[in-house]
Amino acid sequence: KHFVLHLMPLDIAPHLTPLMQLPSKTWLFVSATLSTGDSFNHAKKTLGFEAGLEARYPSPFDFKSQTAGFVPAGLPEPGHPQHTQALIALMLPLIRSHTGRSMLLFTSNRALEMAARCMSGEHDLVYVVQGALPKVRLIEKFRELPRCILLATHSFWEGVDLKGADLKLLMIDKLPFTSPDDPVFQARLNQVDSGGGNSFRELSLPEAAITLKQGFGRLIRQETDQGLFVLGDIRMTTRSYGKTLKKS
């Protein structure tokens with residue numbers, strides 16, 4: 001008997017550019033994840049940032065010595081019905097091999113629920129699942145329980161600081177490409193393609209790179225942290241775009 005309309009621009013650059021050109025204003029964009037590879041082009045184009053100073057500064061963290069990265073060979077490709085089960089089976093020995101805490105991040109609620117079912121039979125492991133408690137309480141419990149495992153999805157990919165939680169193992173189940181079922185994102189893809197661009201290279205890939213960096217950022221929060229990062233997506237090594245993501 002009623003409906004609600006939601007209106008949003010597909011491109012915010014035309015709205016922001018005139019504001020950034022006002023002589024009385026100074027704009028400063030700062031983030032650990034603004035660049036893709038060595039370039040700010042995606043962020044600049046998205047924001048309508050046409051001219052100005054830009055700089056990249058090295059991280060205070062020595063990732064090559066503080067982290068190990070693992071992309072398991074032999075896993076089913078994402079989208080295969082057995083992908084999550086195979087990945088959890090592979091993760092269990094890694095989880096049991098250290099005395100710290102583990103965080104398993106998933107790109108969909110369905111994969112999260114499947115992983116929770118897989119974990120339910122592992123009675124020697126202590127784990128908490130997103131949705132079982134409010135977010136703040138879930139993080140508190142994760143910090144309180146020794147060797148705890150946190151299973152979560154996108155709302156834990158950024159803005160969650162686990163400094164001092166002794167996080168030793170971080171897993172991301174798949175490369176975080178935005179679902180084409182998202183109507184706004186699909187419209188943005190169509191807009192790029194209709195303008196003669198390549199929507200995968202210009203939109204899907206850089207946004208996945210930024211999201212992947214945000215997820216990876218949960219592992220190393222201070223100079224003394226060390227840990228293992230597992231990416232359960234063989235496309236990182238079998239597809240040409242894996243090099244672009246690795247560089248980012």
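1. Start with Asp166: at 34% relative accessibility, aspartate 166 counts as partly exposed. That class lies between buried (under 20% relative accessible area) and exposed (over 50%), using a 1.4 Å probe and protein chains only. Aspartate 166 forms a salt bridge with lysine 168, with 3.7 Å between the closest N and O atoms. A salt bridge here is a side-chain nitrogen of Lys or Arg within 4 Å of a carboxyl oxygen of Asp or Glu. Lysine 168 is partly exposed too, at 32%.

2. A word on the source. This is a predicted model: local features need pLDDT of at least 70 and side-chain atom pairs count only at pLDDT 80 or more, while totals for chains, interfaces and linings use all residues. Residues are numbered from 1 along each chain as its sequence is written, and side-chain values use heavy atoms, leaving out hydrogens and water.

3. Now the sheet. It is open and has 6 strands, in the order β1-β6-β5-β2-β4-β3, with parallel pairing. The edge strands, each pairing on one side only, are β1 (67-70) and β3 (127-129). From one strand to the next the twist averages 15°. Strands (E, at least two residues) and helices (H or I, at least four) are DSSP runs, numbered from the N terminus. Two strands pair if DSSP finds at least two bridges between them.

4. Next, the individual pairings. β1 is joined to β6 (residues 227-231) by 4 bridges, and threonine 67 stands opposite glycine 227. β5 and β6 are also linked by 4 bridges, where leucine 169 has leucine 228 as its partner. Between β2 and β5 there are 5 bridges; arginine 101 is partnered by leucine 167.

5. How enclosed is β5? Of its 6 residues, 5 are buried, so β5 is largely enclosed by the rest of the structure. Helix α8 (residues 199-216) lies across β1, β2 (101-105), β5 (167-172) and β6. The helix runs at about 155° to β5. Axes are lines fitted to C-alpha atoms, for helices over the stretch in contact (heavy atoms within 4.5 Å). Angles run from 0 to 180 degrees between N-to-C directions.

6. Aromatic rings come next. Rings of Phe, Tyr and Trp (its six-membered ring) pair if their centres lie within 6.5 Å; planes under 30 degrees apart count as stacked, over 60 as edge-to-face and the rest as tilted. The count is 8 aromatic pairs. One is phenylalanine 61 with phenylalanine 63, edge-to-face, 6.0 Å centre to centre and 80° between the planes. Phenylalanine 61 is buried at 18%, while phenylalanine 63 is partly exposed at 30%. Phenylalanine 216 and phenylalanine 229 are edge-to-face as well, because their centres are 5.1 Å apart and their planes stand at 75°. This pair ties together helix α8 and strand β6, parts 13 residues apart in sequence. Phe61, Phe63, Phe216 and Phe229 form one aromatic cluster.

7. Back to charges. The structure holds 13 salt bridges. Glutamate 77 and arginine 239 meet at 3.0 Å, N to O. Their pair links distant parts of the chain, 162 residues apart: the loop between β1 and α4 (83-96), and the loop between α9 (235-238) and α10 (242-247).

8. Arginine 235 is buried at 15%. Elsewhere, Asp38, Arg56 and Lys247 are linked in a network of salt bridges.
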